[in-house]
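Thanks for coming. Please have a look at the sequence and the structure first.

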Amino acid sequence: MNVCSTFPADCSAVFERGKKQSGYYRVQPDPQTEPFTVYCDMSDGGGWTVIQRRSNGKVSFNRNWKEYKEGFGLFKNRNDEHWLGNDHIYRLTNGREISLKIDLMDWHGNTRYAIYDSFRITSEEDKYKLWLGSYSGNAGDALDGGSNFAEQWSASLKGMPFSTAENDNDRFIKGNCARENKCGWWFNRCHKANLNGLYYKNGNYTGQHDNGIVWSTWHGLWYSLKFTTMKIRRPSFLNVGSGDGMNV
């Protein structure tokens with residue numbers, strides 16, 4: 001077990017060590033645990049650790065609790081889809097000041113973004129609850145349910161635990177949001193934003209449930225996005241690249 005790591009803590013530290021090319025790197029936010037591989041996005045100001053990417057529908061996000069805990073997907077090419085893993089995300093955010101940026105693209109090549117000035121999830125014992133700070137950007141604050149306060153009560157994901165089909169932690173008494181949406185995510189009753197949903201091609205879709213890759217404050221619940229990425233870094237980087245920068 002390492003007590004003095006030679007690995008950078010995250011992609012911000014990779015950037016600060018002079019490695020400014022986007023790609024896969026080994027990081028170790030906690031020297032008492034093993035390092036792991038992440039994709040570092042060095043565009044858009046640099047130093048972003050990518051925790052989620054959807055780009056082509058090749059990777060199924062209909063996974064169980066253990067898979068979301070450990071992470072899954074492809075970690076070879078720039079646009080490979082993956083979920084970094086809740087344990088890894090917890091280690092990257094625990095006890096640190098971290099911001100989240102979400103990049104979105106629709107099927108016409110239009111882009112939007114959302115920034116949350118603080119972001120963290122709790123441990124597995126606390127069901128990986130999601131905590132977010134203030135929003136800025138041009139995509140709308142869908143993670144907090146949008147601007148309608150009545151809908152925020154049932155759709156805000158702030159403080160919500162993570163759910164998978166077999167580990168249902170949502171507030172929807174009459175159903176199971178993770179099972180309906182065929183993915184793991186932070187659900188309320190159920191959502192106005194879900195970036196782990198089914199990958200529907202060409203945008204608009206129909207079905208029994210609004211289970212696409214959804215950011216409702218931009219395209220509504222019945223439009224599934226072409227590309228999304230969730231990436232994190234220290235807030236001190238936010239004075240650079242806070243616009244529509246995307247490494248697609």
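This is a predicted model: local features need pLDDT of at least 70, side-chain atom pairs count only at pLDDT 80 or more; totals for chains, interfaces and linings use all residues.

Take Cys11 and Cys40. Their sulfurs are 2.0 Å apart, and a disulfide joins them. The angle about the S-S bond is -80°, and the link is left-handed. Cys11 sits in helix H1, residues 11-16, while Cys40 belongs to strand E2, residues 36-41, so this pair ties together parts that are 29 residues apart in sequence. As for accessibility, Cys11 has a relative accessible area of 0% and is therefore buried. Cys40 is buried too, also with 0%.

Now Cys177 and Cys190. A disulfide joins these two, with an S to S distance of 2.0 Å. Because the torsion about the S-S bond is about -85°, this disulfide is left-handed. Cys177 is in helix H5, residues 177-181, and Cys190 is in the loop between strand E12 (185-186) and strand E13 (193-194), so the parts tied together here are 13 residues apart in sequence. Cys177 is buried at 0% relative accessible area. Cys190, at 12%, is buried as well.

If the bonded cysteines are numbered in sequence order, the pairing reads 1-2, 3-4.

That leaves Cys183. The cut-off for a disulfide is within 2.5 Å. Cys183 counts as buried, at 2% relative accessibility.

Technical notes
Residues are numbered from 1 along each chain as its sequence is written. Side-chain values use heavy atoms; hydrogens and water are left out. Helices (H or I, at least four residues) and strands (E, at least two) are DSSP runs, numbered from the N terminus. Buried means under 20% relative accessible area, exposed over 50%, partly exposed in between (1.4 Å probe, protein chains only).
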